Amino acid sequence: MNRAVVPPSRRGACPALSAPMATGDGLLVRLVPADGWLTLAQVTGLADAARACGNGIIEITAKGSVQLRGLTEASVGPLNGAVDTLGITPRTGLPIDVSPLSGIDATEVIDARLLAARLHDMAADLLPRLGAKVSVVVDGGGAISLDAFKTDVRLVARPGKGEKTWDVWLAGDAARALPFGAVRGRDAPDLVRSLLERLAALGPSARMADTLPPTPPADPRPMRETSPIGLFALKDGTSACGIGLPFGALHADDLDVLTAAAKAAGARDLRPAPDHGLLASGLSPEAAEGFRATAQALGCLISADDPRRFVAACPGAPACASAHIPARALAPKVAQALEPLLDGSLSVHVSACSKGCAHPAPADLTLVGLEPDAMDNRVAVVREGTAGDATRPLLPADALLPALARLSDALTRARQPGERAAETLARLPPASLEPFLLESAVLEFTP
Ligand code: SF4
């Protein structure tokens, strides 16, 4: 999540708030609180604004940004006014991501907010020449890692005593980024400045990968777990309790119930977190149990092993005018049908049209709603691709869940001891997914 601590910025100046994005279910705005946290009153106010100005759906993205959906041209102004009145300062400037618990995490090696604030100021004059997607990660080494974030410059706190040191990596997530050496804390702003100047000189379409010499593909490094779901020790002796929003979304009415539970548990604040998470900070372990119980009753994820964590879904029908299938309503059933395979090695995306809003990057398995053909087939299945890669519908929507259950059974039977689901799927020849999904197929898969 993107918790850069920046100086107070001009109210309402956040581009995402002032320039909302058109989607199939109206306008969407994205909001990243500059401090990384919201008071309980601010969350309640945002829920009110989501109902009054949008369709009541509040999302937390994979990077921990807050999104409100279903706005209109006329309601964007009132939403900006509500955000201003609530005293929420949106993040502006260069996107600099830090852990949502940075500064309060008992396990953090370095408080990443201090360096993030310096980098924010230092990069201000370069912004007009940097692409909108250029970003920096400052990972203080705490409990919630940012390894999965794709970024241009990554600084990771090096554990140990003595002078603060950051390991520097360039371009990509932590599994594939190029190591660039280490830098002392006091030298880090100048180093990052010089790297960003190099990018700025190439123009606004440049990303850090464009500045690097071609290298042969290397095996990806293991990444640290990023889930914010669980209980995290804080420096002041209290805890933060993290839960996950089901498929990244909650209705404002449910958020009200969750916020009331956080208040009853004595929470100081609520922190949007990566991987569609929300953290309540300042709790005792006993109070956290009450918060978790309410979250579970609302359908939220309270375990990092929850198979729904590995399924992304857009709102779909009826919320979105472009939708061909009810993606978000289908998603829990998809997770259930594929549960034996959802061990964290496979990503699944349910997209109600070929735009693929919920997961723009390729997924291992993408189920896409398309215009139905003469046989009423309306679901396409894409292996290792995006929703935009779907070419033709394969199944009727009501045949999807039994088809996934057959696929899950076949792969589970074929799984070798100690093998992860992605490895089993990889042994399947590229063109052979369809027979497993179509009822007429022979459903044996021999290792
Ligand atoms: S992917 Fe989903 S949310 Fe995005 S436009 Fe298509 S149907 Fe709408």
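**Entry 1: the model and its domains**

I am working from a predicted model. The protein chain is split into domain 1 (21–85), domain 2 (101–211), domain 3 (230–301) and domain 4 (308–439). I also checked the spacing of domain 1 and domain 2. Their C-alpha centres are 28 Å apart.

**Entry 2: the largest cavity**

How many cavities of 30 Å³ or more does the structure hold? I found 2. I took the largest cavity to begin with and noted a volume of about 130 Å³.

Next I listed the lining. Leu38, Val43, Leu46, Ile58, Ile60 and Val66 are among the residues that line the largest cavity. Leu245, Leu250, Leu255, Leu270, Pro272 and Leu278 also belong to this lining.

I then sorted the lining of the largest cavity by residue class. There are 12 nonpolar residues, no polar ones and no charged ones.

I moved on to the second largest cavity. I noted a volume of about 110 Å³. Its lining has 14 residues. Which of them lie nearest its centre? They are Cys314, Cys320, Cys353, Lys355 and Cys357.

The classes of this lining are 6 nonpolar, 5 polar and 3 charged. Domain 1 (21–85) and domain 4 (308–439) each supply at least three residues to the lining of the second largest cavity.

**Entry 3: the cysteines**

I searched for disulfides, with cysteine sulfur atoms within 2.5 Å as the cut-off. The count is 0.

I followed up on Cys300.

Is Cys300 buried or exposed? Its relative accessibility is 2%, so Cys300 counts as buried.

I went back to Cys314, one of the residues nearest the centre of the second largest cavity. Cys314 has 9% relative accessibility and therefore counts as buried. The cut-off I used for buried is under 20% relative accessible area.

Technical notes
Residues numbered from 1 in each chain as written. Predicted model: local features only at pLDDT ≥ 70, side-chain atom pairs only at ≥ 80, totals over all residues. Heavy atoms only, no water. 1 Å grid on protein atoms, 1.4 Å probe; cavity = no way out; pocket = protein on both sides within 12 Å on 5 of 7 lines; lining within 4 Å. Points joined across faces, edges and corners; volume = space filled by probe spheres on them. Nonpolar A, V, L, I, M, F, W, Y, C, P; charged D, E, K, R; others polar. Domains from an automatic or database assignment. Buried < 20%, exposed > 50% of the residue type's maximum accessible area, 1.4 Å probe, protein only.
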